[in-house]
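Below is a short note on how the chains of this model are arranged and where they touch. Please read it alongside the structure.

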Amino acid sequence: MSVFFKEIQFDTSQDFDVVDITGYVNNAIEESELSNGIVNIFVIGSTASVSTVEFEPNLVIDLKSAMERIAPSDIEYKHHLTWGDANGKSHVRATILGPGTTVPFKAGRLITGTWQQIVVLDFDVPARKRRIQLTIIGE
Amino acid sequence: MSVFFKEIQFDTSQDFDVVDITGYVNNAIEESELSNGIVNIFVIGSTASVSTVEFEPNLVIDLKSAMERIAPSDIEYKHHLTWGDANGKSHVRATILGPGTTVPFKAGRLITGTWQQIVVLDFDVPARKRRIQLTIIGE
Amino acid sequence: MSVFFKEIQFDTSQDFDVVDITGYVNNAIEESELSNGIVNIFVIGSTASVSTVEFEPNLVIDLKSAMERIAPSDIEYKHHLTWGDANGKSHVRATILGPGTTVPFKAGRLITGTWQQIVVLDFDVPARKRRIQLTIIGE
């Protein structure tokens with residue numbers, strides 16, 4: 001059993017972006033040379049989340065609509081009074097979806113469904129450079 | 001330290017089902033012969049989630065109502081245009097709740113509350129055969 | 001590789017409380033004498049959750065408002081008919097946010113953002129004594 005770290009970075013677009021990182025995760029598992037275990041995918045920062053989805057553009061639109069029900073864009077956020085930020089909705093969404101998820105792998109491959117991709121949901125208002133920490137534990 | 005895999009399968013009923021899998025998870029821990037560690041419970045597929053709940057029928061009804069607020073049944077989903085599916089709400093709910101959760105165990109038993117069961121929430125519209133991957137890491 | 005357990009306990013205030021436990025988690029990592037790995041933070045009980053947030057009082061107010069959209073205080077819950085409890089909303093919120101999260105650490109320190117604290121969100125209606133299980137796996 002051992003631990004293998006890999007940080008990945010990429011740019012995201014403003015005000016809701018969903019990025020498929022499944023390829024990055026599979027590459028990191030291969031690089032780790034571990035066969036069986038789990039990979040924890042954790043977003044550094046408090047305005048984005050990690051989950052899985054059938055990654056196709058229409059579903060991304062549906063997810064954006066759902067986020068508007070949970071934390072609408074057109075209401076007031078107290079957080080804006082703290083720093084003069086405009087991303088109260090982004091923080092609220094990220095806390096509700098959570099900062100990470102953990103996925104199993106076996107024989108060097110993720111155990112996920114055919115139509116199930118691992119995605120980073122970036123809720124922040126400005127475009128961002130995102131850093132995602134992958135931590136692979138296995139044997 | 002070692003890794004132990006166990007896949008469990010069961011049938012779910014249509015359009016929102018909540019299945020208590022605590023017994024399956026305890027059995028898998030026993031079968032692993034590991035004493036202390038974590039078990040990752042991961043649903044294969046993109047229309048179901050894993051969480052914990054006090055498992056009783058009235059609370060399942062309350063959860064169903066909450067899901068209608070997050071991703072209602074009676075609105076249009078763009079996803080339906082992609083494949084002709086009717087489960088846009090199922091995908092949205094599953095991404096928000098996430099595909100898995102990780103629970104600790106000690107001396108061969110889950111460290112959970114008395115009124116806290118591990119459940120699979122199946123959001124899909126048709127009845128399904130579900131596959132859940134359990135990954136136990138411990139010593 | 002080894003497993004280290006630490007249970008932390010604290011009191012929470014009634015009807016929505018958010019507690020920053022980042023310090024507890026860092027202390028437990030130090031006590032474990034492990035350098036690299038993951039820490040699973042799991043709440044024992046079914047009316048609280050674990051996530052991350054930029055911990056500042058105004059954002060806590062914004063989170064409380066979002067919880068009212070997901071599981072309002074002023075509607076009826078079937079769960080109240082089961083036990084005579086008044087915390088149906090608390091259970092629903094806890095299942096949606098989930099009972100735990102897993103965070104990586106490296107060189108003995110959490111890999112989290114500067115403005116990203118690990119928090120317990122206690123949704124229960126009465127004040128509670130909370131027990132949180134930390135499970136550290138690493139080398």
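The points below cover the basis of the model, the relation between copies, the chain contacts, the helix packing and the sheets.

1. Basis. This is a predicted model, in which local features need pLDDT of at least 70 and side-chain atom pairs count only at pLDDT 80 or more, while totals for chains, interfaces and linings use all residues. Residues are numbered from 1 along each chain as its sequence is written, and chains are lettered from A and ligands numbered from 1 in the order in which they are written.

2. Relation of chains A and C. Two copies of a chain are related by a rotation about an axis and a shift along it. The superposition is by least squares on the C-alpha atoms of residues with pLDDT of at least 70 in both copies. The copies use different surfaces, since 18% of the contact residues of chain A recur in chain C; residues are in contact if their C-beta atoms, placed from the backbone, lie within 7 Å.

3. Relation of chains B and A. Chain B is superposed on chain A by a rotation of 120° with 0.0 Å of shift along its axis, at an RMSD of 0.0 Å. Different surfaces are used in this pair too, and 18% of the contact residues of chain B recur in chain A.

4. Contact of chains B and A. Chain B contributes 28 residues and chain A contributes 32 residues. On the side of chain B that touches chain A, at least two residues each come from β1 (2-12), β3 (37-43), α3 (79-83), α4 (88-97), β5 (100-106) and β8 (128-138) of chain B. Helices (H or I, at least four residues) and strands (E, at least two) are DSSP runs, numbered from the N terminus. α4(B) gives the most to this side of chain B, with five residues. By class, the side of chain B that touches chain A has 13 nonpolar, 14 polar and one charged residues. Ala, Val, Leu, Ile, Met, Phe, Trp, Tyr, Cys and Pro count as nonpolar, Asp, Glu, Lys and Arg as charged, and the others, Gly among them, as polar.

5. Contact of chains A and C. This contact has 28 residues from chain A and 32 residues from chain C. Two or more residues of the side of chain A that touches chain C are given by each of β1 (2-12), β3 (37-43), α3 (79-83), α4 (88-97), β5 (100-106) and β8 (128-138) of chain A. The largest share of that side, five residues, comes from α4(A). Its classes are 13 nonpolar, 14 polar and one charged residues.

6. Helix α2 (residues 57-70) of chain B packs on helix α4 (residues 88-97) of chain C at an angle of about 65°, with the axes 10 Å apart. That makes α2(B) roughly perpendicular to α4(C), a label covering angles of 65 to 115 degrees, with under 35 counted as roughly parallel, over 145 as roughly antiparallel and the rest as oblique. Axes are lines fitted to C-alpha atoms, for helices over the stretch in contact, and angles run from 0 to 180 degrees between N-to-C directions. The contact is formed by B:Leu59, B:Asp62, B:Leu63 and B:Ala66 of α2(B) with C:Gly88, C:His91, C:Val92, C:Thr95 and C:Ile96 of α4(C). By class, five of these residues are nonpolar, three polar and one charged.

7. α4(A) and helix α2 (residues 57-70) of chain C pack at about 65°, with their axes 10 Å apart. The crossing of α4(A) and α2(C) is right-handed. On α4(A) the contact residues are A:Gly88, A:His91, A:Val92, A:Thr95 and A:Ile96, and on α2(C) they are C:Leu59, C:Asp62, C:Leu63 and C:Ala66.

8. Sheet in chain A. Three strands form an open antiparallel sheet in the order β2-β7-β4 (chain A). Strands pair if DSSP finds at least two bridges between them. β2 (17-20) and β4 (48-53) of chain A are the edge strands, each pairing on one side only. Four bridges join β2(A) to strand β7 (residues 117-122) of chain A, and A:Asp20 stands opposite A:Val119 in β7(A).

9. Sheet in chain C. The order β2-β7-β4 (chain C) describes an open sheet of three strands with antiparallel pairing. β2 (17-20) and β4 (48-53) of chain C each have a single partner strand, so one side of each is left without a neighbour in the sheet. β4(C) and strand β7 (residues 117-122) of chain C pair over six bridges, with C:Ser51 opposite C:Val119 in β7(C).

Terms used: Contact = placed C-beta atoms within 7 Å. Left-handed = near helix turned anticlockwise from the far one by under 90°.
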